[in-house]
Structure formats: C-alpha cells, structure tokens
Amino acid sequence: MATISFDTVGKINPEWGVKNLEKAIDEGSELMQKARTPEARARFIEKTTLTPEKIAKLKQAYGVK
C-alpha cells in the first residue's frame, strides 16, 4: 500500500495566486463564457423550472400520489 505525504515545506507567493484568480474571473473559461449567453440562461431556466406537467411526470415516475 502506498502513502502520500502532504507535509512539505514551501513558500507561496500570495500575489501570484491573486493575479491568477483575477485573470480567471475576468476571462473565465470557455464553458463559463458559453453559460453567460442569454440563450444559455434561458435554456437553464427552462430546464430547471418545474411546470405542472413535469411535476406530474416526476410523481408518476417515483410512484408518489
């Protein structure tokens, strides 16, 4: 059985972490850029909104009366 030790000594430059975090927030990933479009937001709302028809299907699927 192998073990991994996380007890290492190192120095972290806080400026480096902050700069990378700011860059990631400003630029975002390709997936996040796509998710920010109005079309993507509309699809998300449509898929996550429970209509009476969706509720009836879920109840039927799980045997809830």
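Helix α4 is followed by Gly-63, whose phi is positive, near 70 degrees. The model is predicted. Helix α4 spans residues 52-62 and is hardly covered. Among its eleven residues, the count of buried residues is zero.

Helix α1 also precedes a glycine: Gly-28 follows it, with a positive phi near 70 degrees. This helix covers residues 14-27. Its 14 residues should span 20 Å at 1.5 Å a residue. The end C-alpha atoms of α1 are 20 Å apart, which agrees with that expectation. None of the 14 residues of α1 is buried, so the helix lies largely in the open.

Leu-50, Ile-55, Leu-58, Tyr-62 and Val-64 make a nonpolar surface patch of about 520 Å². One of these residues, Ile-55, lies in helix α4. Its relative accessible area is 34%. An α-helix has 3.6 residues a turn, so residues three or four places apart point the same way.

The overall composition is helical. The protein has four helices and zero strands. Read along the sequence, the pattern is α-α-α-α. Of the 65 residues of the protein, 2% count as buried. The accessible surface of the protein comes to about 6900 Å². Carbon and sulfur atoms account for 62% of that surface.

Terms used
Residues are numbered from 1 along each chain as its sequence is written. This is a predicted model: local features need pLDDT of at least 70, side-chain atom pairs count only at pLDDT 80 or more; totals for chains, interfaces and linings use all residues. Side-chain values use heavy atoms; hydrogens and water are left out. Buried means under 20% relative accessible area, exposed over 50%, partly exposed in between (1.4 Å probe, protein chains only). Helices (H or I, at least four residues) and strands (E, at least two) are DSSP runs, numbered from the N terminus. The expected span of a helix is 1.5 Å times one less than its number of residues. Patches are made of residues with over 30% relative accessible area and no salt bridge: like charges are joined within 9 Å, nonpolar side chains (Val, Leu, Ile, Met, Phe, Trp, Tyr) within 5 Å. Accessible areas come from the Shrake-Rupley method with a 1.4 Å probe; for residues, only the protein chains shown count as cover. A salt bridge is a side-chain nitrogen of Lys or Arg within 4 Å of a carboxyl oxygen of Asp or Glu.
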